[in-house]
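User: Could you take me through how the helices and strands of this model are described, and on what grounds each word is used?

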Amino acid sequence: MFTRNSQLIPFFIFVCMLPSVLTSGILIFVKTLGRTDGIDLATFLKLSIYLTVGNTIGILLFAPLYWAWKLEYENSALLKHFPVSITIAITCILLLSFYQFSSIVFLIIPLLVILARKGNFLHSIIVSFIICILLSVGTAYKLGFFGTHLDSGTSFETVLFLLSIIFVLYTATIAFYELKLHQDKLQLLVTQSINSMEVSEERYRMLAENVADVIWVWNLSENKFTYISPSVFQLRGLTVEEAMQETITSSLEPNSAKEVLDKIIRILASNDSQPDQEQYYYDEVLQYKKNGTLIWVETVSHLVVNANGQMEIFGVSRNINERKLAEQIQKDNENQLKELNATKDKFFSIIAHDLMNPFHTLIGFSGLLISQTAKKDLEAVVVSAKLMKDSAEKTKNLLKNLLEWSYTQTGKISFDPEEIVLQKIVQEVLDLLQVAADQKGIELNAEIPGDSKIFADKYMLSAILRNLISNAIKYTYSGGRIKLSAEKTDNEWIFKVKDNGVGMQPEVYESIFNIGTHKSELGTEKEQGTGLGLILCKEFIEKHRGKIGVQSNIREGSTFRFTIPL
Amino acid sequence: MVESFKPAAELCRKLYWKYALFFTLSYILSGFFCVLQLSVPPDNYSLLWIPSGLGVIMFFLLGYSAIVWVLIASFILNTFTYLQHHFANLEAYRVFVGFLNAAIDVIQAFVAWKIAIYLEKN
């Protein structure tokens with residue numbers, strides 16, 4: 001059946017007109033065979049066209065009726081009131097034009113347009129049939145507009161009028177049918193799209209509301225959240241309404257908020273330069289829970305433009321608190337392992353080198369001692385014995401430090417703080433080291449508040465002071481000065497050991513408390529050290545929950561400062 | 001036969017004779033109606049020729065067998081009615097011309113039918 005005018009026109013030309021044209025000429029020729037007067041070309045053509053049009057109308061009336069009956073009759077309301085009324089009206093107008101007001105016949109044209117709009121193709125065929133029959137009968141009986149004006153050319157005009165009426169009616173009907181078809185298709189598409197969108201929206205809403213992660217949308221123009229999924233309650237203990245009231249600054253820990261705000265500025269700048277490039281951003285931020293505690297949250301976000309043309313950040317947040325804690329533990333373990341490894345390296349280094357050297361000395365001088373004894377060179381024996389004694393003393397000190405350090409590392413050293421008189425313990429240390437200071441011509445002073453007491457481990461405090469002062473003696477030139485001072489503040493004791501010795505480069509004094517990087521250097525008179533003294537100091541001070549630091553300038557001296565909390 | 005014609009063609013096969021006779025009769029009567037009621041002077045040609053449409057429909061419904069039925073209907077129509085008004089010649093000549101006219105009508109309906117099928121296929 002015709003559903004497009006592009007189908008009707010070929011049908012009209014090839015099915016209706018072409019066979020009629022082919023056969024009409026032959027028919028006229030056959031009919032002239034019996035005539036004696038012959039027929040001129042003009043008449044021949046006129047009759048041929050006349051028959052062609054008559055035949056064309058016949059085919060045009062009946063052939064589409066076949067398809068209309070076959071395809072549309074059952075589905076269409078043939079007896080719909082309006083098309084039937086129009087059909088009756090057209091019939092009445094035609095009949096009226098036969099008896100009165102013949103020109104009224106042209107009123108059927110607008111009615112045909114209305115019929116084309118309201119009826120279907122079957123209605124148009126029936127009406128065309130009625131018009132053709134009635135007008136032809138009227139014309140044949142000299143009734144109506146064409147009948148009353150009948151002359152030799154009237155019949156020709158009538159058939160052309162009929163053909164035009166049928167063709168226009170069919171074309172208009174199909175045009176309206178096409179329009180309706182497209183309208184219905186469009187409506188169907190719109191309905192399907194709406195349904196699809198509703199289903200899709202419902203699906204995404206279900207997803208958003210049931211995932212453990214929090215889905216959120218931050219509107220940059222309005223500077224507020226426009227959507228937060230209900231899972232925010234699981235993440236932060238907030239209801240959606242409460243979370244929607246928050247801002248970036250209020251919901252995040254200050255440093256995280258600053259990082260996020262800075263990043264937004266960078267993202268917007270990046271988006272301005274590359275607007276078509278969709279990029280996802282991954283962040284780990286600290287966010288407040290409802291009870292004020294902080295949790296680590298990972299966010300994945302990207303910039304979108306909403307339906308109103310506003311910039312929005314669409315993001316998904318996930319609780320990574322446990323992961324961060326695990327990472328921290330892992331990091332701590334890693335640092336501990338590094339430290340242990342450095343400790344091990346230092347230990348082996350001491351054993352391999354520092355402990356071996358004195359033995360070389362002892363073995364060497366003991367051999368020398370044997371030969372000197374044999375030669376009875378008593379002066380030389382005394383010198384060698386003295387050197388052997390010094391070497392043995394150094395080895396003993398080294399072993400002592402090593403033992404203490406190993407005790408601190410293994411936790412075997414006991415920490416027993418008690419009330420002790422500071423002046424007394426300082427004096428003991430000074431007495432011990434005074435000889436070494438005098439040997440180098442170093443002035444050793446102490447400025448300690450009288451009768452002051454300190455709550456500390458006696459042994460450890462003594463070791464700290466001893467190590468720091470002996471260290472100062474080691475790196476101070478002859479004629480130098482060393483000053484030990486102690487000051488009590490509201491919550492701690494502050495000790496300072498100041499010298500005017502060689503001083504240190506910044507990179508040196510930044511590493512002197514680290515066992516992995518510190519190396520002992522020779523003193524001003526080539527004194528050797530174990531490299532463990534300062535590290536032991538640090539360990540002992542940290543046992544007291546104190547801190548140690550150093551200020552130093554090269555060739556101006558160093559000041560070691562440590563604190564012992566009250 | 002084209003798919004869309006199959007139901008109607010099937011129906012026609014079942015009621016073949018009835019349909020064939022009905023349309024043949026309709027063809028002849030509509031021809032009479034056109035000649036008697038719709039002819040206008042001076043040539044007394046009908047303003048429209050309903051049998052041409054019915055001939056195409058017969059081909060749609062009956063297929064190739066419509067050739068015979070259209071030929072019969074058109075022959076009767078042309079021989080006894082149409083030609084009677086125009087020529088009063090010998091019977092044999094009238095029969096010849098009637099047959100020739102009938103053959104032309106068959107050709108017309110057949111060509112229209114074939115083109116319609118071709119158009120529907122494409």
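Analyst: The axes of helix H3 (residues 81-99) of chain A and helix H5 (residues 121-140) of chain A come within 10 Å and cross at roughly 10 degrees, where axes are lines fitted to C-alpha atoms, for helices over the stretch in contact, and angles run from 0 to 180 degrees between N-to-C directions. This is a predicted model, in which local features need pLDDT of at least 70, side-chain atom pairs count only at pLDDT 80 or more, and totals for chains, interfaces and linings use all residues. Residues are numbered from 1 along each chain as its sequence is written, and chains are lettered from A and ligands numbered from 1 in the order in which they are written.

User: Why is H3(A) called roughly parallel to H5(A)?

Analyst: Angles under 35 degrees count as roughly parallel, over 145 as roughly antiparallel, 65 to 115 as roughly perpendicular and the rest as oblique; the crossing is at roughly 10 degrees, which makes H3(A) roughly parallel to H5(A).

User: What makes H3(A) and H4(A) roughly antiparallel?

Analyst: The axes of H3(A) and helix H4 (residues 108-118) of chain A cross at roughly 165 degrees, and the two helices are therefore roughly antiparallel to each other.

User: Which strands are the edge strands of the five-strand sheet?

Analyst: The open sheet has the order S7-S9-S10-S12-S11 (chain A), with mixed pairing, where two strands pair if DSSP finds at least two bridges between them. Strand S7 (443-447) and strand S11 (548-553) of chain A are the edge strands, as each pairs on one side only.

How values were computed: Helix = DSSP H or I, 4+ residues; strand = E, 2+ residues; numbered from the N terminus.
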